[in-house]
Amino acid sequence: MLAKKKLSSSLLYILVIAILLVQIYPVVWLMLSSFKSSIELTTQPFAMPSSWSFENYASVFRESSLLLYIKNTAIVTFVCLALIIFLSATAGFALVKMINRLNSKLLLFFTIGIMIPIQVTLIPLFIMYKDYGLLNSYPALILPQVGFALPLSILIFTSFYRYVPGELIEAAVIDGCNIYQVFFRIISPLTINTTITVASINFIFIWNDFVFSNTFTNDKAYKTIAVGLQEFIGAFGATDWGQTFAAISISIIPIIVTYLFLNKYVMAGVSDGAVKG
């Protein structure tokens, strides 16, 4: 019996390690390839770099507009996160803790938004933005991101608020707090893990967004990094793969850092919304 248990544990560890290798290998290969020249990538694509040269990275910053694309992506991402967190946290609180017979219907209305594909809204949004002069602007990138992120974000917050004791709010009201003080001084500090969860999930999606940026901007001044990477593909598909891999490596660093530093808070936030206590 003990031998079977050890065998099962060993097989489970092997399976986990195999899955990790499958997930990690492409990222490691990408990082290693960013230090190779185009000739070395062609002749020895899977070997270690013969020399650790940062020329590809220097060329990316010297010859492309990557810093501009990073700046645009950062502006769009952090403005979106601020709006998403504020709107979803307040809406979730109102839907769960403020008594109204329409709360369940409103929550259903918001969650239906999860089922709407982004692609079916692109043409109507493009026409609307064109009529209002919003094409090639930050609002054209921020507004749809916020709109499509709210349903899931509200759902995550409402899952947490359901386990906040009503007595806590009643005690705050008895002590003289109004509804805004209750939310910002009593409830908000309790939602740190949930807030980080919402921010982390949406950060990854917004930072990597290609569809909205490619559809609503053609001005270089407003391009985000996902669209800007197309700059490294030359005429007739000619590509300097060393520079391309270096640019991609730079673009994914914020995502990797976000995951590594905030992963434990994300797990805590998910459990806060699933388990009472």
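These legends go with a few close-up views of a predicted model. Local features need pLDDT of at least 70 and side-chain atom pairs count only at pLDDT 80 or more, while totals for chains, interfaces and linings use all residues. Residues are numbered from 1 along each chain as its sequence is written, and side-chain values use heavy atoms, leaving out hydrogens and water.

View A. Phenylalanine 203 sits in helix H10, residues 192-207 (helices are DSSP runs of H or I, at least four residues, numbered from the N terminus). With a relative accessible area of 8%, phenylalanine 203 is buried, meaning under 20% with a 1.4 Å probe, protein chains only. Skipping residues up to four places away in sequence, its contacts (heavy atoms within 4.5 Å) are Thr77, Phe78, Leu81, Pro254, Ile255 and Thr258. Threonine 77 is 126 residues away along the chain, yet the two C-alpha atoms are 6.5 Å apart.

**View B. Gln243 in helix H13.** Glutamine 243 belongs to helix H13, residues 241-272, and is buried too, at 12% relative accessibility. Beyond residues up to four places away in sequence, glutamine 243 touches Asn56, Ser59, Val60, Glu63 and Phe232.

**View C. The largest nonpolar core.** A nonpolar core here is a set of buried Ala, Val, Leu, Ile, Met, Phe, Trp, Tyr and Cys residues joined through side-chain atoms within 4.5 Å. The largest one has 40 residues, and Val60, Cys80, Ile84 and Phe93 are among those with the most contacts inside it. Helices supplying at least two residues each include H3 (55-63), H4 (66-97), H10 and H13; H4 gives the most, ten residues.

Technical notes. Buried < 20%, exposed > 50% of the residue type's maximum accessible area, 1.4 Å probe, protein only.
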